Structure formats: C-alpha cells, structure tokens
Amino acid sequence: MSDFSLTLYNALFVNFAIAFGIFFYWHGKMIFTIMGVSAFKLGVASWNFSNTQNSFQNNFIRFTAGLIFPGLRRKWLMAISYVAISFAALFLAAVLG
C-alpha cells in the first residue's frame, strides 16, 4: 500500500466514523421525538398497533411519509445518505487501494 492510499483510507475511515456519529445523533433524536408524541396504551410493539392512531408504529409510518416532523425527517434522511456514501467510498478505497 502506498502512502497516498493509506492516507486516503484513514481519512475515509475518519469520515465514516463522523458520519456514523451524526447518524446516531439524528436517529436517537427521531426516536425520542416520536416516542414523546406517541401513546403507549398497549406497549411499544403491540400486535394490534394499527388500531391505535397515536401508536409509535403509526407515528413512525407518518414520519417516513413526511406527514409529521418534516424538518427532522430531512435531517434524518441526510444523515442516512451521508453514512451510505461514506461507507461506499470507504469500501471502494479498500477494494481498489
């Protein structure tokens, strides 16, 4: 391995670690935000969650559809994209380097 490819690999690994940290933060914020507005009458993962309009599962479905918290959804999707692109770049550098 040349010095350039080793430096590139290390930089991409640090970039991936930062991307994962950002994603971890936004994913946690998304979970706690949805849990805060959800009603837990039957538990978190109930078999009949579709009967409860304000359940965690229904709120998550509405979140992914963009019906609630659109600003948080945009940041959450950008964090997922950042992790995916960083991982792909790291993988390509490892394979081609």
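Here is a tour, stop by stop, with something to select each time.

**Before you click**

This is a predicted model, where local features need pLDDT of at least 70 and side-chain atom pairs count only at pLDDT 80 or more, while totals for chains, interfaces and linings use all residues. Residues are numbered from 1 along each chain as its sequence is written, and side-chain values use heavy atoms, with hydrogens and water left out.

**Stop 1: the whole chain**

Colour by secondary structure. You'll find 3 helices and 0 strands in the protein chain, running α-α-α from the N terminus on. Helices here are DSSP runs of H or I with at least four residues, strands are runs of E with at least two, and both are numbered from the N terminus. Of the 97 residues, 25% are buried; buried means under 20% relative accessible area, exposed means over 50%, and partly exposed is in between (1.4 Å probe, protein chains only). Contact means heavy atoms within 4.5 Å. Among contacts with a separation of 6 or more, 53% are between residues 24 or more positions apart.

**Stop 2: H1 and H3**

Select residues 3-37 for H1 and 70-96 for H3. How do their axes cross? They come within 8 Å and cross at roughly 155°, which makes H1 roughly antiparallel to H3. Axes are lines fitted to C-alpha atoms, for helices over the stretch in contact, and angles run from 0 to 180 degrees between N-to-C directions. Angles under 35 degrees count as roughly parallel, over 145 as roughly antiparallel, 65 to 115 as roughly perpendicular, and the rest as oblique.

H1 passes H3 in a left-handed crossing. That word applies if the near helix is turned anticlockwise from the far one by less than a right angle; clockwise is right-handed. The residues of this contact divide into 22 nonpolar, 4 polar and 2 charged. Nonpolar covers Ala, Val, Leu, Ile, Met, Phe, Trp, Tyr, Cys and Pro; charged covers Asp, Glu, Lys and Arg; the others, Gly among them, are polar.

**Stop 3: H1 and H2**

H1 passes H2 in a right-handed crossing. To see the contact, show side chains for Met30, Ile31, Ile34, Met35 and Val37 of H1, then Phe56, Asn59, Phe60 and Phe63 of H2. The tally is 8 nonpolar, 1 polar and no charged.

**Stop 4: inside H2**

Which residues of H2 are buried? Phe56, Gln57, Asn58, Asn59 and Phe63, with H1 and H3 included in what covers them.

Next, select Phe60, Phe63 and Trp76, which form one aromatic cluster. The structure holds 6 aromatic pairs (ring centres of Phe, Tyr and the six-membered ring of Trp within 6.5 Å).

**Stop 5: after H2**

Step to Gly66, which follows H2 and has a positive phi, near 90°. Then find Phe69 in the loop between H2 and H3. Phe69 has a positive phi of about 55° although it is not a glycine. Most residues other than glycine have a negative phi. Phe69 is partly exposed, with a relative accessible area of 29%.

**Stop 6: the end**

Finish at Gly97, in the segment after H3. Is Gly97 buried or exposed? Gly97 is exposed, at 54% relative accessible area.

How values were computed
Rings of Phe, Tyr and Trp (its six-membered ring) pair if their centres lie within 6.5 Å; planes under 30 degrees apart count as stacked, over 60 as edge-to-face and the rest as tilted.
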